[in-house]
Structure formats: structure tokens, C-alpha cells
Amino acid sequence: QFLYFIGRKSDSMEAVIAERIKAALNPETLEVVCTDASSGKFSVTVVSSAFEGKGLLQRHRAVNAAVQMSDPETAEKIHALEINAKAPGE
């Protein structure tokens, strides 16, 4: 299992996003990048067997659920989440 995130400190939002996705989707590869800290924009690339046989919308919903975008505190810190979700071998 390979977990990769780029963050300024261990309690950064990148680390929070990475830990939530790791716990929910058991990814083979995970990259979380803050693309604009001032406006809360993040990019996520996830490769997980949990996505096998699932369409794009189902994959994005799974990532959003993992990140807990429905949580008001999280949603306040994340303005945009660019998601690239793949199954292994894609």
C-alpha cells in the first residue's frame, strides 16, 4: 500500500483528507495536493480496488463521502476538490 501526500505539517488539511480516504477506501496509491491554500482547493488522485466496476459518479461520491464533505466544518475548509479516481490497472 502506498500513501503519498504533500502537506506543510502533519495536521494540515492535506493530511486530514489523506487519512480519511485511506481509512475508507484502502487505496493502493493516494496523492493529495493543495493547489491553492488561500481558497481551499485540493487535488486528489486515488487508485483503489473499491472502484472496480464503478462508474465515474459512484467513484466521486465515494471519495466525497470518505472526505466527509457533508460535514460543515470540513466543507468550510475545502472549497474545491478535484478528483481522479481509478481502479488498479486503469
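This is a predicted model: local features need pLDDT of at least 70, side-chain atom pairs count only at pLDDT 80 or more; totals for chains, interfaces and linings use all residues.
**Entry 1: helix H1.** I started with H1, which covers residues 13-25 and has 13 residues. I looked up its reach from first C-alpha to last and got 18 Å, close to the 18 Å expected at 1.5 Å a residue. Next I listed the buried positions in H1: Met-13, Glu-14, Ala-15, Ile-17, Ala-18, Ile-21 and Leu-25. I also looked just past the end of H1, where Asn-26 takes a positive phi of about 45°.

**Entry 2: H1 against H2.** I then turned to helix H2, residues 56-67. Two packed helices are described by the angle between their axes and the distance between the axes. I found that the axes of H1 and H2 come within 8 Å and cross at roughly 120°. H1 is therefore oblique to H2. I noted the crossing as right-handed.

Which residues of H1 meet H2? On the H1 side I have Ile-17, Arg-20, Ile-21, Ala-24 and Leu-25. On the H2 side I have Ala-62, Val-63, Ala-66 and Val-67. By class, I count eight nonpolar, no polar and one charged residues in this contact. I went back to my burial list for H1: Ile-17, Ile-21 and Leu-25 are among the buried residues there.

**Entry 3: Ser-43.** Last, I checked Ser-43, in strand E3, residues 41-47. Is Ser-43 buried or exposed? Its relative accessible area is 17%, under the 20% cut-off, so I logged Ser-43 as buried. Leaving aside neighbours within four places in sequence, I find Ser-43 in contact with Glu-31, Val-32, Val-33, Thr-35 and Glu-82.

Key
Residues are numbered from 1 along each chain as its sequence is written. Side-chain values use heavy atoms; hydrogens and water are left out. Helices (H or I, at least four residues) and strands (E, at least two) are DSSP runs, numbered from the N terminus. The expected span of a helix is 1.5 Å times one less than its number of residues. Buried means under 20% relative accessible area, exposed over 50%, partly exposed in between (1.4 Å probe, protein chains only). Contact means heavy atoms within 4.5 Å. Axes are lines fitted to C-alpha atoms, for helices over the stretch in contact, and angles run from 0 to 180 degrees between N-to-C directions. Angles under 35 degrees count as roughly parallel, over 145 as roughly antiparallel, 65 to 115 as roughly perpendicular and the rest as oblique. A crossing is left-handed if the near helix is turned anticlockwise from the far one by less than a right angle, and right-handed if clockwise. Ala, Val, Leu, Ile, Met, Phe, Trp, Tyr, Cys and Pro count as nonpolar, Asp, Glu, Lys and Arg as charged, and the others, Gly among them, as polar.
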